Amino acid sequence: MLSPKYSEWLASTGVSPLTLSTKRLPACVMTGCKLPPVSPCARKRKQVGHTNRFQLHGCTEVAAASDLLRQAQVQRSARVGMNGTLRSLRTADFPVRGHDDAPCQEVLLPQIVSPLSAAMPTHSEPCSSSTCSPSALKPEDMFYLVSRQIVSYTQPDAVLECLGSQWELHLPYLIKSSTLTDLYAACRKQRLPYPPHEPTGSKTGSGQRTGPHSRPETCLSHKKRKERKALDPIFMQLSIRDPAISKEALSFALRSLYVPDTSPERWSEGVLAAAIRLGIPPLFERCLTVMRANISPSTVCEFHGVASRYKEQSLMKECEKWLERHLVCELSNIYLKYLPFELLLKTVRSARVFTPSEYHLFKTVLYWVHLQLNPTVQVLPTHTSIIHFFSSWPREGPFLEQPEGQKYSILFQFLHLHGIADHHHLQEMQRSRIFPRSWLLNLFSTHYYTLLRGGDMALTDFSQQAVRFGLIIDREPQCCSQTVALWGFFFQMRVAKTDSNTHTFSLQRLKQWDAELPSRAWQRYPISTMPERLVHYQVVVQSQNGDQWQDFCSGPIHHEFGLTKPSCLSEVFKLSGLTLPILVTFALALPPL
């Protein structure tokens, strides 16, 4: 039972007795003391903050308990929580937790979405309690986050619809793209202005006349409508049919308009295609520069395909030069199967291709053919397995005469097979059943008659008939030597570095009793005792200087080698300023006397 004093005070405040509990009663009511006076402005409400919540003026503990509107709004804000996307973006940059880290629940009340924010990415999934990393965001969310941080959440000037998503763009950054600039200008011209003001009684757009009691539109309201229409963002549509341009590539290309120094997770074909489609020259040049600097066994085939598709000669040449240097030594793995036939043929035909010996280049081509016949192989088999594969070919006859192998015969035709003179390698070539009998007969006959003539080679084109030997210098000390045999003559290739940072390259003819010549050489190989022998040779040096490779060539040199010094030593080819790694190729040929 409430006391008369409390009933009188409760009636003056307008609070229902059902809304108050005993714990909310002030002490004056429970003790029967004198009640506080009610201010005449107690029923006036004031807005609190930007959240549109209201409370009574001069709110006290009891007055707050009687403010039902305030209580409902507070409960609703606690129940609804924050939008899932905004919550993940906020917690990704600022570790602020709201609502005591309680997970967001689905909103049951209808939401009002502004037309200007229609392109804002939203999520229907409830938020999780863990923060979201930027890499886990969708491409639209990532672009929205980066662009809004740059423009400080200002109103967009255009909304681009592309690849099933909408992207809010701003004019100072939009004009960096030639395609978007032209599209923006075209859409702005196509925007129809509001119809001019018509007097009362004329026909409206719906075919009805305005009656005498209708309210005519004043010039001032018409002017305001035109100004408001001019402030609305322009809606643009861009169609992209290139399958290489994904949403991630498009998002990065648009982000580069706001942050030019940003980098994608991986520079791929999609980024280059997006830069071309949107017309962003800085991004295009940067993409080409990064691709040229990151050519590797895993990317060279992809980058060359991209350059061929978009006719980028600079990137294409860089990939071809990389293959000339590293085809044999670095690409002889599983990535070899992605090398196109035309590109491999062009590399094999090049006179600048680096190979330790002609046999190594032959093995690389053989491995490539095996991978083309077995495209599902994920690991390159051993050399013995590959030889067994060709030697056990199910059909009769050599492989290059079969329908499956005829298209690969041109690759073997451009190899310098006459430079393979080791008897183990020749037996392997015969046992593998790759070459037709006519090819082997011609090869063996050439070897036989060359030995009978004292090493005379039928030399017509030095670049195509010289026998190549290669050296790799990739660590200290920067000196190296290797002994090679050619038709009964033994030569030692020498590379040394002097104190003045100069590298010297030279040849020396060895005698059968020299210590540098291994014993197995004069026991199993023919040795020519001719006192003098004319040799055509050439030294090609390739060195990496920073991100660029430099090529040096001595040109064809004719030298007559004797058995004693100084006639057994060749001319010294000197180069300065070389840095590791260094690839050295000696090309030798014995012309007819």
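In helix α15, the buried residues are Leu343, Leu344, Leu345, Thr347 and Val348, where buried denotes under 20% relative accessible area, exposed over 50% and partly exposed the range in between, with a 1.4 Å probe and protein chains only. Helices (H or I, at least four residues) and strands (E, at least two) are DSSP runs numbered from the N terminus. The model is predicted, so that local features require pLDDT of at least 70 and side-chain atom pairs count only at pLDDT 80 or more, whereas totals for chains, interfaces and linings use all residues. Residues are numbered from 1 along each chain as its sequence is written, and side-chain values use heavy atoms, with hydrogens and water left out.

The cover over the buried residues of α15 includes α13, α14, α16 (358-373) and α18 (409-413). Thr347, which lies in this helix (residues 341-349), counts as buried because its relative accessibility is 4%. Apart from neighbours within four places in sequence, Thr347 is in contact (heavy atoms within 4.5 Å) with Leu323, Glu324, Leu327 and Val353.

The axes of α13 (residues 300-309) and α14 (residues 313-326) are 8 Å apart, at an angle of about 150 degrees. Axes are lines fitted to C-alpha atoms, for helices over the stretch in contact, and angles run from 0 to 180 degrees between N-to-C directions. The two helices α13 and α14 are therefore roughly antiparallel; angles under 35 degrees count as roughly parallel, over 145 as roughly antiparallel, 65 to 115 as roughly perpendicular and the rest as oblique. The crossing of α13 past α14 is left-handed, a term for a near helix turned anticlockwise from the far one by less than a right angle, right-handed being the clockwise case. On the α13 side the contacts involve Val300, Phe303, His304, Ala307 and Ser308, which meet Leu315, Met316, Cys319, Glu320, Trp322 and Leu323 of α14.

Two further helix pairs were examined. The axes of α19 (residues 423-431) and α20 (residues 437-452) cross at roughly 165 degrees and come within 11 Å. Helix α19 is therefore roughly antiparallel to α20, and their crossing is left-handed. Leu426, Met429 and Gln430 of α19 meet Leu440, Leu443, Phe444 and His447 of α20. For α16 and α17 (residues 383-391), the axes come within 11 Å and cross at roughly 65 degrees, so this pair is roughly perpendicular. Helix α16 passes α17 in a left-handed crossing. In this pair, Tyr359, Lys363, Leu366, Tyr367, Val369, His370 and Leu373 of α16 meet His383, Ile386, Ile387, Phe389 and Phe390 of α17.

Helix α8 (residues 178-190) has 13 residues and, at 1.5 Å a residue, should span 18 Å, in agreement with the 19 Å between its end C-alpha atoms; the expected span is 1.5 Å times one less than the number of residues. Thr179, Leu180, Leu183, Tyr184 and Cys187 are the buried residues of α8. Seen down the axis of α8, these residues fall within an arc of 125 degrees, so they line one face of the helix; the arc is that of the directions from the helix axis to the C-beta atoms. Asp182, Arg188 and Lys189 are exposed on the face turned away from the buried side of α8. Elements covering the buried residues of α8 include the strands β3 (158-162), β4 (165-169) and β5 (234-237), together with the helices α7 (171-174), α10 (247-258) and α11 (269-278).

Trp487 is buried, with a relative accessible area of 10%. Asn501, in the loop between β8 and β9 (502-510), likewise is not a glycine and has a positive phi of about 60 degrees, but Asn501 counts as partly exposed at 34% relative accessibility. The peptide bond from Lys565 to Pro566 is cis, with omega near 5 degrees, and Pro566 is placed in the loop between β12 (557-561) and β13 (573-576). Leu580 and Pro581 are also joined by a cis peptide bond, with omega about -5 degrees; Pro581 lies in the loop between β13 and β14 (582-589).
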